[in-house]
Amino acid sequence: MKSLLLNAFDMMVPVHQSPGLWRHPESRISQFDTLPYWTSLAETLEQGRFSALFLADVLGVYDVYGASAETAYRGGLQYPLLDPLSAVSAMADHTRHLGFGVTASVSYEHPFLLARRLSSLDHLTGGRLAWNIVTSYQDSSAKNMGLAQQIPHDQRYDRADEYMEVMYRLFEASLEVGAVRNDAETGVVVDPDRVHPANHRGEFFTVPGSALTHPGPQRTPLLFQAGASPRGRQFALDHAEAVFLIGATPELVRHWVDELRDGLEARGRDRHAVKIFAMATVVTGTSDADATARWESYRQFVDTEAALALFGGWTGVDLAAANPEDTLEYVTTDANRSALEAMTTLAESTGGSAYTVKDLAEFVALGGRGPVLVGSGDTVAEELRRWATTADIDGFNISAAVRPADLERFATFVTPALAERGLLSSPQPGDAPRTLREQYFNAGPHTAADHRASSYRPAPRS
């Protein structure tokens, strides 16, 4: 079996995926707004042989439940929220190998500015940066940006396609390889002949000039995409190098994986050109009994009302007035369609049963939308192996219920069990530093020849 890639899935907030668990005695998440919290976590993840820390982000509040944000505020539900790019440089300075996947929305930030920030971080991390491309799914985000409501779902992706064209022009075409010379003899810092304007004028964006920041070690940062809606999957086929999927069973995830790999082949890309990650929340300990006891203890801290508020924010569906025994039904919204689809139509199509509101609240309250794996290091390692084999995935985004304690225990108990089985492909402490793309693909630092970004790159001069 191929070895696995591991990312930690987190967010710079009091509550990420498990509402109420901030109250657990082992939680240190009250320190989420301090730099030592994040640099310490980065060091732990590197020691635990994680490839990257994947940082989620939203640009609004969860105000669908009860038509109010009060539940989100009260429960610290992804609020307050720090900028995920803000601590990356410091975390990179405390590590040699750990990559950083930062979420940035193409709906509400101009590409010219974002290209500058991402290229800067690619330099400052030594090429260990990934960009999780999102189109955002909250009406509250759109309203804070001056819109009456969010851009319709599929139109967001149409706009994102053009956004990526601008980014490729800025990352790949604007400054040629060798443009930055720093030649003291000739007095040339940048060769003007190797700097080119973007010259982009499209339906959504106009960017005439050259990039402000020269390309980092990867030129285009490693490209993540997390949308599992049909339009989101089409976007991934065109642009992604890594995809993040969330499903409750490996069979459900396999449904998406097969579609994705078939679609890559149909587009002329290698069937395995995209690394695919599934989410899992892991609760582990010295033994199965220890892990189970810990898991059971978590239940007394869950906040099921906040869990329904989280679901409402994901899907645009308000369940505040619903009966706990009501069955969820799929409806089309302009929010996060894959979240609702996973709980309804796709769950049924893969042999599962539809969720009631009560089921949903209990499920989301511990671990969000993905599976929760409970057991000793050996037990969890075998379950991760089963998942990877059944779903045909390349790795996992590991989420913690109690933060950062669950990630610390993963590094203590699960990482050695995976290493003993030869299931880890991430760097070891003594290895030479490499870019994140090199770690993921064991190839060069730049996008592969069959990736769209490569077509923008000028041929190297002698």
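Arg369 sits in the loop that runs between helix 13 (357-365) and strand 12 (372-376); helices (H or I, at least four residues) and strands (E, at least two) are DSSP runs, numbered from the N terminus. The model is predicted, so local features need pLDDT of at least 70 and side-chain atom pairs count only at pLDDT 80 or more, while totals for chains, interfaces and linings use all residues. Residues are numbered from 1 along each chain as its sequence is written, and side-chain values use heavy atoms, with hydrogens and water left out.

Arg369 is buried, at a relative accessible area of 10%. Here buried means under 20% relative accessible area, exposed over 50%, and partly exposed in between (1.4 Å probe, protein chains only). If you look from Arg369 across to Val195, 174 residues apart along the chain, the C-alpha atoms are separated by 46 Å.

Let us turn to the nonpolar cores. A core is a set of buried Ala, Val, Leu, Ile, Met, Phe, Trp, Tyr and Cys residues joined through side-chain atoms within 4.5 Å. The largest one has 83 residues, and Trp38, Leu53, Trp131 and Phe396 have the most contacts inside it. Helix 6 (residues 153-173) gives the most to this core, with nine residues. Another core, of 37 residues, lies apart from it and includes Phe9, Ala242, Phe244 and Val364. In soluble globular proteins, nonpolar side chains tend to be buried together.

Leaving aside neighbours within four places in sequence, Trp131 is in contact (heavy atoms within 4.5 Å) with residues including Val102, Leu118, Tyr163, Met167, Pro221 and Phe224.

Next come the aromatic rings. Rings of Phe, Tyr and Trp (its six-membered ring) pair if their centres lie within 6.5 Å; planes under 30 degrees apart count as stacked, over 60 as edge-to-face and the rest as tilted. By this rule there are 14 aromatic pairs. The rings of Phe50 and Phe410 have centres 5.3 Å apart and planes at 55°, so this pair is tilted. The pair links distant parts of the chain, 360 residues apart: Phe50 is in the loop between helix 1 (35-47) and strand 2 (52-55), and Phe410 is in helix 15 (residues 405-420). Phe50 is buried, with a relative accessible area of 3%, and Phe410 is buried too, with 0%. Elsewhere, Phe9, Phe54, Phe224, Phe244, Phe277 and Tyr440 form one aromatic cluster.
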